[in-house]
Amino acid sequence: MAGNFEIFTDKKGEYRFRLKSSNGQTVLTSEGYAAKAGAVNGIKSVQNNCEDDARFTRTSTKSGNFGFSLTAKNKQVI
């Protein structure tokens with residue numbers, strides 16, 4: 001089973017999406033959107049930009065945790 005996107009409403013009533021791996025772990029969580037359509041467009045942007053490794057910026061913390069950000073063609077973080 002491949003990973004999948006889930007759209008949900010947070011405590012503030014904003015729409016967010018998350019990408020879950022095939023084992024159920026959350027890999028990515030989005031910012032909040034006022035409308036569900038914004039979350040849907042965010043998912044499309046991730047899908048359109050994730051195949052280009054150069055769009056990822058990898059980070060690590062002092063405690064050894066890792067993270068990443070994904071940027072669109074216009075250089076904005078998705």
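**Reading the strands, contacts and core of a predicted model**

User: Which residue of β2 stands opposite asparagine 4?

Analyst: Asparagine 4 faces lysine 20 in β2. The model is predicted, with local features requiring pLDDT of at least 70 and side-chain atom pairs counting only at pLDDT 80 or more, while totals for chains, interfaces and linings use all residues. Residues are numbered from 1 along each chain as its sequence is written, and side-chain values use heavy atoms, with hydrogens and water left out.

User: How are strands and their pairing to be read, and how many bridges join β1 to β2?

Analyst: Strands (E, at least two residues) and helices (H or I, at least four) are DSSP runs numbered from the N terminus. Two strands pair if DSSP finds at least two bridges between them. Here β1 and β2 run antiparallel and are joined by 6 bridges.

User: How many bridges join β2 to β3?

Analyst: There are 3 bridges between β2 and β3, which run antiparallel. Leucine 19 has leucine 28 of β3 as its bridge partner, and lysine 20 stands opposite threonine 26 in β3. This hairpin has 5 residues between its strands, and glycine 24 takes a positive phi near 90°.

User: In what order do the strands form the sheet?

Analyst: An open sheet of 3 strands has the order β1-β2-β3, with antiparallel pairing. β1 and β3 are the edge strands, each pairing on one side only. On average, neighbouring strands are turned by 30° against each other, direction ignored. For such angles, axes are lines fitted to C-alpha atoms, for helices over the stretch in contact, and values run from 0 to 180 degrees between N-to-C directions. As a general idea, side chains in a regular strand alternate between the two faces of the sheet.

User: Which strands does α1 touch?

Analyst: Contact means heavy atoms within 4.5 Å. α1 packs on the sheet and touches β1 and β2, its direction making about 155° with that of β1.

User: What is a nonpolar core, and which residues make up the largest one?

Analyst: A nonpolar core is a set of buried Ala, Val, Leu, Ile, Met, Phe, Trp, Tyr and Cys residues joined through side-chain atoms within 4.5 Å. Buried means under 20% relative accessible area, exposed over 50%, and partly exposed in between (1.4 Å probe, protein chains only). The largest core has 8 residues in all: Phe17, Leu19, Leu28, Tyr33, Ala39, Ile43, Val46 and Leu70. β2 and α1 each supply at least two of its residues, and the largest share, 3 residues, comes from α1. Leaving aside neighbours within four places in sequence, phenylalanine 17 is in contact with residues including Phe5, Leu28, Ser30, Tyr33, Ala39, Ile43 and Val46.

User: Where is serine 30 found, and is serine 30 buried or exposed?

Analyst: Serine 30 occupies the loop between β3 (26-29) and α1 (36-49) and is buried, with a relative accessible area of 10%. A polar contact is a pair of N or O atoms within 3.5 Å; within protein, one must be able to donate a hydrogen and the other to accept it, and residues adjacent in sequence count only if both atoms are side-chain atoms. The side chain of serine 30 reaches the backbone nitrogen of phenylalanine 17 at 2.8 Å. Beyond its neighbours within four places in sequence, serine 30 is in contact with Arg16 and Phe17.

User: Which residues are linked in a network of salt bridges, and which residue bridges to aspartate 52?

Analyst: The network of salt bridges links Asp10, Glu14 and Arg16. Aspartate 52 bridges to arginine 55, with the closest N and O atoms 3.8 Å apart. Aspartate 52 is partly exposed at 34% relative accessibility, whereas arginine 55 is buried at 17%. Arginine 58 and aspartate 53 also meet in a salt bridge, at 2.5 Å from N to O, and arginine 58 is exposed, with a relative accessible area of 55%.

User: What phi does lysine 75 have?

Analyst: Lysine 75 has a positive phi of about 75° although it is not a glycine. Lysine 75 lies in the segment after β5 (66-70) and is exposed, with a relative accessible area of 68%.

How values were computed
A salt bridge is a side-chain nitrogen of Lys or Arg within 4 Å of a carboxyl oxygen of Asp or Glu.
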